[in-house]
Amino acid sequence: MARTTPGVTRRRILDEAVHLFATRGYDTTSVADIQTACGLNPGSGALYKHFPSKAALLEAAVHDNLDRLAARAAETADARLPDDPREALRVLADVVWAFLAADRDLVRLMIREFTGFPDLFERMWQGVVASVYRRGTEWITTLRDQGRARVSDPEATAAVLVAALTYYPILDVLIGHTPGDLAPDRFLAAWLDSSVKALDLRD
């Protein structure tokens, strides 16, 4: 039976696999590559002590990260946004950017390997990403119902605001450039100005 090197855990194997899949691609990453990255003998087969195949490793990695992302998303959903809509927008931006920054490899993996594993990543979308759009829709709807914003379509408005916000870190992850090569503070300031106008906030 293959034995793992002391200190090489299932968690480390998952993390190294996600990083390699994200940077090299799933098809071009071998089990030996993953074992080497973990400090295991590439010919030992030690990885199979934890996972029966490379495909099973990918699925486990996505599900494991999905659980962690879902937990963070639930915490965000339960958190009360500030009463001031402008401050709430800033909090939303901070949360979304921190969310994406914490899982850069997973974001790259999702985009890079989506066509090969559509069902797997659809579950990730429904479990995590869609909840951000729903949360935004609920918040904008509440503002409208309170007479604090004039928005004809809260769902579409939330989709546009969140999409614009996520585009910055996603482009950075994919190609190492930001929209217009702007620094984050300039992009965020413009996003906040645009969002306030889109919501047509009432004081």
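The model is predicted, so local features need pLDDT of at least 70 and side-chain atom pairs count only at pLDDT 80 or more, while totals for chains, interfaces and linings use all residues. Residues are numbered from 1 along each chain as its sequence is written, and side-chain values use heavy atoms, with hydrogens and water left out.

**Cavities**

Two cavities of 30 Å³ or more are found in a search of the whole structure. On a 1 Å grid over the protein atoms alone, a cavity is a set of points where a 1.4 Å probe fits but cannot get out, and lining residues have an atom within 4 Å of a point. Grid points are joined across faces, edges and corners, and a volume is the space filled by probe spheres set on the points.

| Space | Volume | Lining residues |
|---|---|---|
| Largest cavity | about 50 Å³ | L81, A88, L89, L92, R135, G136 and W139 |
| Second largest cavity | about 30 Å³ | L92, G136, W139, I140, A158, L161 and V162 |

The lining of the second largest cavity takes two or more residues from each of α6 and α7 (154-175). For the largest cavity, α4 (85-101) and α6 (118-145) each supply at least two lining residues. Helices here are DSSP runs (H or I, at least four residues), numbered from the N terminus.

By class, the largest cavity is lined by five nonpolar, one polar and one charged residues. Ala, Val, Leu, Ile, Met, Phe, Trp, Tyr, Cys and Pro count as nonpolar, Asp, Glu, Lys and Arg as charged, and the others, Gly among them, as polar.

**Second largest pocket**

A pocket is an open set of points with protein on both sides within 12 Å along at least five of seven lines. The second largest pocket holds about 190 Å³ of space. Its lining includes R80, L81, R135, W139 and R148, and divides into four nonpolar, two polar and five charged residues.

**Positive phi**

Most residues other than glycine have a negative phi. D181, in the loop between α7 and α8 (184-199), has a positive phi near 55 degrees. D200 lies in the segment after α8 and has a positive phi near 50 degrees. At 29% relative accessibility, D200 is partly exposed, a class between 20% and 50%.

Note on methods:
Buried means under 20% relative accessible area, exposed over 50%, partly exposed in between (1.4 Å probe, protein chains only).
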